[in-house]
Amino acid sequence: MRAFVPNYEITTPSSLADALALLNRERGVWKPFAGGTDLMVLLEAGKLPHRNYVNIWGLKELRGIEANDTHITLGALTTYTDVQSHPILQSEFPMLCHAASETGGLAIQNRGTLGGNIVNASPAADSPPALLAYDAEIEIVSTDGSRRQPYQGFHTGYKQMLLAPNELLTRIRMPRNTRNATHYYRKVGTRKAQAISKVCLAALAKLEGDQISDVRIAFGSVAPIVVRCVQTENALRAQKLDDETIKSACATLSKEISPIDDIRSTADYRLRVAKNLLTDFFLTLRA
Ligand SMILES: Cc1cc2nc3c(=O)[nH]c(=O)nc-3n(C[C@H](O)[C@H](O)[C@H](O)COP(=O)(O)OP(=O)(O)OC[C@H]3O[C@@H](n4cnc5c(N)ncnc54)[C@H](O)[C@@H]3O)c2cc1C
C-alpha cells in the first residue's frame, strides 16, 4: 500500500555545509535524498521506513565533471544523462557510458545519480562494476572533514558500507589510464531495456605483445556486493591469449563468485553466464 506522505519530512539545505551540519546534529535522524529514484519506489510501495530526508539535489558542490591530466572527477549528483554526454567519459571510460545508457529509461537517466547508485548498494546495480574496473576512488565528507578511499572495499556486505550517518558521498574520481585498453561491458537481463541485471560484467585489459597486462574484471549480481575478481585477474595477467588461459580463468572465476537463486535467476544460470561473458571478453581481446 502507498505510504502516507504527511508522515514524511524533507528539508532543503542551501549549502553543503548546512546539509552536513544537520546530518551531524541529529545523527541517524536525517538521510540524504538525491534523485529519489530508489527512495520513491519504496515510498510508493509503503516500504520506506525512514521518515526524515535532506534534499541534496540542489547542492552545487556535489555537481559537475572536472578533468585534469591524470584524473576525472564526477560530483555525486552526476546523472546518467550527464555521464553519456561527456566527451572524456565517452572516449576514455566507455563502460561507464554504456552502463548509464542501459540504466532504466530516459526519466531515470535524467534523475538517477551515481552517488545514489553507489549508496543504494544493490549488488545488481549497473554502474558499480564499471567504477570498480576503472579503479574509482570515492570522496566522503562530514563536518569532521573529508576522506578519500578506493571504491573497492567500500561495500562490506549486502547493503553494508563504510559510510557513517553524518557523512555524504561527494565525489567519484577515476585515473585516466585507460588509453590503449580494450573495454568490455555487458549487462544480461530479461529484456534489452528496463530490466534489472541477472549478471553484469565490466572488464578491461591491455596487451603487451601476445600477453595480457593490466587486466581488471568486475561483476554485478554474482555475490552480495558488486565484486572485483582479483583472483581471476591473476589467472589472466601476463598469460598468453590461448584456450588454456581462458579455461583456467573460468575455473578460478567459479570459485571466486557466489551467485544465488532468487526471483530473477538461478545460481547455475548466473555462473554459466558469468563464464560465458568472461570468455566473450577474452575472445574480444583476442580479436
Ligand atoms: C524504473 C527504474 C529503473 C531502474 N533501473 C536501474 C538500472 O537499470 N540499473 C541500476 O543500476 N539502477 C536502476 N534503478 C535504480 C536507481 O535509479 C539508481 O540506483 C539511481 O542511481 C539512484 O540514484 P538516486 O539519486 O535516485 O538515489 P536516491 O533514491 O535519492 O537515494 C538512494 C540511496 O542513496 C542515498 N544517497 C543518495 N545520494 C547520496 C550521497 N551523495 N551521499 C550519501 N548517501 C546518498 C540515499 O539516502 C538512499 O539511501 C532503477 C530505478 C527505477 C525506479
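Predicted model: local features only at pLDDT ≥ 70, side-chain atom pairs only at ≥ 80, totals over all residues.
Over at Ala34, a backbone N or O atom sits 2.8 Å from a ligand oxygen, and at Gly104 a polar backbone atom is 3.0 Å from an oxygen of the ligand. How much of the ligand does the protein bury? On its own the ligand would expose 980 Å², and 88% of that is buried by the protein.

Now, who's around it? The shell has 29 residues, and Pro32, Thr37, Asp38, Tyr80 and Thr113 come nearest. Sort the shell by class and you get 13 nonpolar, 11 polar and five charged residues. Which element gives the most to that shell? That's α7, with four residues. Residues 114-120 make up α7, and β2 (30-33), α2 (39-44) and β10 (168-175) are also on the list of elements that each supply at least two.

And β2 takes us to the sheet. We've got three strands in an open sheet, ordered β1-β3-β2, with parallel pairing. β1, residues 9-11, and β2 are the edge strands, each pairing on one side only. On average, neighbouring strands here are turned by 35° against each other, ignoring direction.

Zooming in, β1 pairs with β3, residues 52-55, over three bridges, and Thr11 has Val54 as its bridge partner in β3.

Methods:
Residues numbered from 1 in each chain as written. Heavy atoms only, no water. Near = heavy atom within 4 Å. Polar contact = N/O pair within 3.5 Å; in protein donor to acceptor, adjacent residues only side chain to side chain. Areas by Shrake-Rupley, 256 points an atom, 1.4 Å probe, with all protein chains shown as cover. Nonpolar A, V, L, I, M, F, W, Y, C, P; charged D, E, K, R; others polar. Pairing = 2+ DSSP bridges. Axes fitted to C-alpha atoms, helices over the stretch in contact; angles between N-to-C directions.
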